[in-house]
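Keep the structure open while reading.

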Amino acid sequence: MANVTARPAPVPRAGAGRFTRQERLAYLMLAPVLGTILVIVTYPFLLAVLQSLQDAGSEFVGLRNYAAALENPLLYEALAATGIYAALVMPTEILLGLGFALLVHRIVRSPRIRALLFVLATIPLVLPPIAVGVIARLIYAPGYGVLNHLLIVTGVIRDEINWLGQPATAMPAVASVDIWQWTPFVYLVLFSGLLTVPREEIEAAQVDGASGWSQFWHIEFNYLRPLLLLILFFRLADVLRVFDHVFILTGGGPGNTTQLLSLYLYRIEFKYFDGGQAAALAVMVLAAVSIAYSLVTRLLPVERR
Amino acid sequence: MKKIRWAPAVVVVALIVGACQAAAPGGGQKPAKLTIAAVQGNEDAALKAVAPLYEQKTGIKIEIVEFPYDQLFEKLVTTFKANSPTYDLVMMDDPWMPKFGTDESLQALDSTYGIKRDSDIPDVVYDVGTWPPPRGPVPPKAQGKAAHLIGVTIVGNVEMFMYRSDMGPAPKTWDEVKANADKNKKANFWGYVVRGKATNPIVADFLPILWSFGGDVFDSNWAVTIDNAASLKAVKFLVQDLKAAAPPGSESIDAADRSRLMAIGQAYQSTVWPGEISEIVENASVSQVKGKVSYIPMPAGPSGKGIGMMGNWLLGVPKASPNGQAAADFITWLTSSDTQKTYVDKGGIPARKSILNDSALNQKNPYFAALAKSLEAVPNWRPRTDQWNAVETILGTNLNAALAGLTTPEDAVKKAADQIRTLMKGAGY
């Protein structure tokens, strides 16, 4: 007997080339969201593009602001600082978050302890960035910082370490604040991902004598892959926006060592009052991030193997 | 029928016209409320404390919207740019005045609302709120324009000097400061605290030293002089001589760290702002040195003069405020002699000579005499250019690099001078 595949009945159209009733309903329901996005995202972006093509007197200057932005050597110092910062925080947060998630998933069975860890992990995420910066300052401050005090009391060091005043330690100190605040986010996301791994697959692997590493690499990692991509996207966006704790801890110093892209952009806009150059930078950053995102999405397979 | 169809449109037009009229600057009607954009911290504490008294007296509610320092500046820049009538009064740090003056963001308080100088308040306090500046170089965009009072001081900040008077005499010169620093430095006790954090903090610490050494950022024609011999000597004095007696980490020390180090008895001397004194150094709940620290005007340098720096906070009325007269009346009330007594009682920093020299108030506020002398000696203000924020960022970054040993003082001033020259040339100076 031949298989007969029932095709869905065509949805009646009101007229050729016009939307179906369902489509109209869908667009109608999407309209508030699309309208909101248009107002709060697209409109400011278009304004930024417009501003990037104008001088302070709103005269059209073509790509002059883009040229000025690219000619400024401080931009490359800021990009380098941001690159170092990202290289410090992103792998560290992902590895630590993944490690914690695996550890808790495999070892902690008590729902109460898991719930407690969930709450503890949420705390850094809900703290205002300024408060985090102030707390970090109490830890690293010269003279009365808690970290130096503890290290001296425990005999680890004899003299104070100048955490924020020398390039070799200033960037790691600033990055450590980010790692403290955002590793829990990675942990929470990946732990949720681990909960979606079917128990039968793990048990089958265990019956076959698979090691813990094999279980992770061949089974769990496949379930975490899209989440890791999500984390990468979110964290990259966050790294480009980092401002408060850097501003509070070092103000971008020593010299320009910790002047990240966001701080640099802020200074171009609110210290140099060069709105055109700041807008050009913002547009270029957005374009670069969009390209990076599409490349990452294409290069890293999101779907499970 | 036509009449009825047009009626809503007529109502809408009438409402719009009415709204536009209400939004015209200089409105003389009594508003129900005045909204003030203020800086969060000790600078606006007394303002918040006395504001309800004004409501009791006039029935006008005073709503104070607070922002941290940098956010306030951003907010004012964007509000003024949009010509938004959000605020009737704004608190401004005096280095912001050239930017807002050049952009003509504020209403004239003298010619429009009749606010006059009071002989009990030093002229320099009014001068700092006057645009274009009544003395010193004037930015090209402001040249030839009539000077008007666009801000009135409500926090009479002048940068001064503090030292442990229980341990030694007052330094008269920066050489004595250095000698005292070296003499008193010992384990866990620092001879001098450099406020060396990048950009604004280190520049605020450095300028009084620079001026006292006979240097400056610009000459009277806006030519850059930060790389001349006197200026370089001042830079070396800060980043080498004073740093030698300072705690490690000077490169990241800000005002609160400096005062804490004094308050916990780990430092001998430093520059200081009045707000740090009342909030930390003389605050018995956090300070171990209350009564052991004395306050004096800036010591003299090789130029023979000790020059303090103004850091006044002013109140101004934005161009877009529809309640200009009421806002100006509030300023007059707040700065009046009677209100200032209550204001000081609530922790305010006055600029009135009669209050600063009042012996009873001096007992409670041990820095008042030094502040009176500092104002009398006519402190300098930061160069009155709308480019100051950028200049300060350039200078403060390079000074910080020199303090951290990332560059030599010579290279730091050269790099700073080159960048500032390029900036000023681009801005039409």
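## A bridge between two strands

In this predicted model, Ala37(B) has Val90(B), a residue of E3(B), as its bridge partner. The strands involved are E1 (residues 33-39) and E3 (residues 89-93) of chain B, which pair in the parallel sense over two bridges.

## The whole sheet

E1 and E3 belong to an open sheet of five strands in chain B, ordered E2-E1-E3-E11-E6. The pairing in this sheet is mixed. Which strands stand at the edges? They are E2 (61-67) and E6 (152-155) of chain B; each has a single partner strand, so one side of each is left without a neighbour in the sheet. From one strand to the next, the twist averages 30°.

## Helices on the sheet

Helix H3 (residues 69-81) of chain B packs on the sheet and touches E1, E2 and E3 of chain B. The direction of H3 makes about 130° with that of E1(B).

Helix H11 (residues 324-335) of chain B also packs on the sheet, where it touches E1, E3, E6 and strand E11 (313-316) of chain B. The angle between the directions of H11 and E6(B) is about 50°.

## Where chain B touches chain A

Contacts between the chains involve 26 residues of chain B and 21 residues of chain A. On the chain B side, the elements giving two or more residues are H3, helix H9 (255-263) and helix H16 (388-403). Which element gives the most? H16(B) does, with six residues.

Sorted by class, this side of chain B has 12 nonpolar, nine polar and five charged residues.

Terms used:
Residues numbered from 1 in each chain as written. Chains lettered and ligands numbered in written order. Predicted model: local features only at pLDDT ≥ 70, side-chain atom pairs only at ≥ 80, totals over all residues. Pairing = 2+ DSSP bridges. Helix = DSSP H or I, 4+ residues; strand = E, 2+ residues; numbered from the N terminus. Axes fitted to C-alpha atoms, helices over the stretch in contact; angles between N-to-C directions. Contact = placed C-beta atoms within 7 Å. Nonpolar A, V, L, I, M, F, W, Y, C, P; charged D, E, K, R; others polar.
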